[in-house]
Amino acid sequence: MSVVPAIAAPTETVDPNATRRRRESGRASKLLSRAGLPLLSLVVFIALWQLVVSLKIWNETLIPAPLAVWDAFVETNTTTDGVRGYAGKYLWEHLLISLQRIGYGIAIGIVVGIAFGLFMGTFGKVRALFEPWITFLRTLPPLAYFSLLIIWLGINEEPKITLLAIAAFPPVAVATTSAVLAAPQSLTEAAKALGASKFEVIKDVVIPSALPETFTGIRLAVGVAYSSLVAAELVNGLPGIGGMVRDASNYNNTPVVLVGIIAIGTSGLIIDGLLQLIERKTVPWRGRV
């Protein structure tokens, strides 16, 4: 009886350099997709904008050319005939003052909203007491109560910051309440079975579970506060980017209005990106539990 020796199959050698190159190529492709597609959409938008202006469908007072908006951007960042920027302030100074107002207002709204959300999600009676009022507040447009804030607080910074805080409060409170109520019951029961107190359950189980949705509420609050900025700066809003937009609209200065809108939107995109980065670092378990 003859024995046929087994022939070992040739082993395929894995080139680590090739694997690394594939990974780097994948990362480069993803980066190109993230950066290239928005850039391409911007180029297409500007081209369509210029086409509409060239066809003279509307008067240039209503829709100025991209070059006119660029000229307005340059003028608001330089000194012309002894006047700094717009109304004595450069564009970045207007934007910085508005960002300070937004920062104070959002900080107050977030802190109060998270506190209310934790209490309403934890205690049913607190939720029954405050939830209708928060819903009522959430449905009100900022202009509906801004005049009242001016009567109560004057025309300085207090009514502006209060308006932004009120605008930012409901999204955070609602998101935090929903997140607390959605905390995994199995984890809370397990923590109680291991002897954890109610405070420890909230600190170690409920809050970590609620953080992802709370961050979503914070991002929504920032968007709502930004949308309320022009309303907050209706009265005594200069210096301020919203006040600049409002003042320029009074004189049909559409290029400056568009410059202000672009500045608000761009800064909002940057802040939202920073919030997403903070969320990824703070809540790495989002989507994994």
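**Exercise 1. The overall fold**

How many helices and how many strands does the secondary structure of the protein chain come to? Work out also in what pattern they follow one another along the sequence.

*Solution.* The model is a predicted one, and its protein chain comes to 11 helices and two strands. Reading along the sequence, we find these elements in the pattern α-α-β-β-α-α-α-α-α-α-α-α-α. As a next step we turn to burial, and here 33% of the 289 residues of the protein chain count as buried. Finally we consider the contacts with a separation of 6 or more, of which 68% are accounted for by residues 24 or more positions apart.

**Exercise 2. Helix H6 and its contact with H4**

Determine how the axes of H4 and H6 cross, and which residues meet in the contact.

*Solution.* We begin with the axes: those of helix H4 (residues 124-139) and helix H6 (residues 157-181) come within 9 Å and cross at roughly 140°. An angle counts as roughly antiparallel if it is over 145 degrees, and H4 and H6 are therefore oblique to each other. The handedness comes next, and H4 passes H6 in a left-handed crossing. On the side of H4, the contact is made by Arg127, Ile134, Leu137 and Arg138, which meet Ile166, Phe169, Pro170, Ala173, Val174, Thr177 and Leu181 in H6. Sorted by class, the residues of the contact of H4 with H6 are eight nonpolar, one polar and two charged.

**Exercise 3. Helix H6 and its contact with H8**

Repeat the analysis for H6 and H8, and decide how H6 is oriented to H8.

*Solution.* Helix H8 spans residues 198-227, and H6 packs with H8 at an angle of about 155°, their axes being 7 Å apart. That angle makes H6 roughly antiparallel to H8. The crossing in which H6 passes H8 is right-handed. H6 brings a list of residues to the contact that includes Leu164, Ala168, Val172 and Ala175, while the residues of H8 include Val206, Ala210, Ile218 and Val224. Dividing the residues of the contact of H6 with H8 by class gives 15 nonpolar, four polar and one charged.

**Exercise 4. An aromatic pair**

Which arrangement, edge-to-face or stacked, do the rings of Phe116 and Phe130 adopt?

*Solution.* A pair of aromatic rings is described by the distance of the centres and the angle of the planes. The structure holds five aromatic pairs. For Phe116 and Phe130 the centres are 5.1 Å apart and the planes stand at 90°, and the pair is edge-to-face. The pair links distant parts of the chain, with Phe116 in helix H3 (residues 91-122) and Phe130 in helix H4, 14 residues apart. As for accessibility, Phe116 is partly exposed, with a relative accessible area of 27%, and Phe130, at 30%, likewise counts as partly exposed.

**Exercise 5. Helix H10 and Val257**

Which residues of H10 are buried, and which residues does Val257 touch?

*Solution.* In helix H10 (residues 241-250) the buried residues are Ile241, Gly242, Gly243, Met244, Val245 and Ala248. These buried residues pack against H3, helix H9 (229-232) and helix H11 (254-282). We now move to Val257, which lies in helix H11 and is buried, with a relative accessible area of 14%. Leaving aside residues up to four places away in sequence, Val257 touches Val245, Ala248 and Ser249. Val257 and Ala72 are 185 residues apart in sequence, yet their C-alpha atoms lie 9.3 Å apart in space.

Conventions: Residues are numbered from 1 along each chain as its sequence is written. This is a predicted model: local features need pLDDT of at least 70, side-chain atom pairs count only at pLDDT 80 or more; totals for chains, interfaces and linings use all residues. Side-chain values use heavy atoms; hydrogens and water are left out. Axes are lines fitted to C-alpha atoms, for helices over the stretch in contact, and angles run from 0 to 180 degrees between N-to-C directions. Helices (H or I, at least four residues) and strands (E, at least two) are DSSP runs, numbered from the N terminus. Angles under 35 degrees count as roughly parallel, over 145 as roughly antiparallel, 65 to 115 as roughly perpendicular and the rest as oblique. A crossing is left-handed if the near helix is turned anticlockwise from the far one by less than a right angle, and right-handed if clockwise. Contact means heavy atoms within 4.5 Å. Ala, Val, Leu, Ile, Met, Phe, Trp, Tyr, Cys and Pro count as nonpolar, Asp, Glu, Lys and Arg as charged, and the others, Gly among them, as polar. Rings of Phe, Tyr and Trp (its six-membered ring) pair if their centres lie within 6.5 Å; planes under 30 degrees apart count as stacked, over 60 as edge-to-face and the rest as tilted. Buried means under 20% relative accessible area, exposed over 50%, partly exposed in between (1.4 Å probe, protein chains only).
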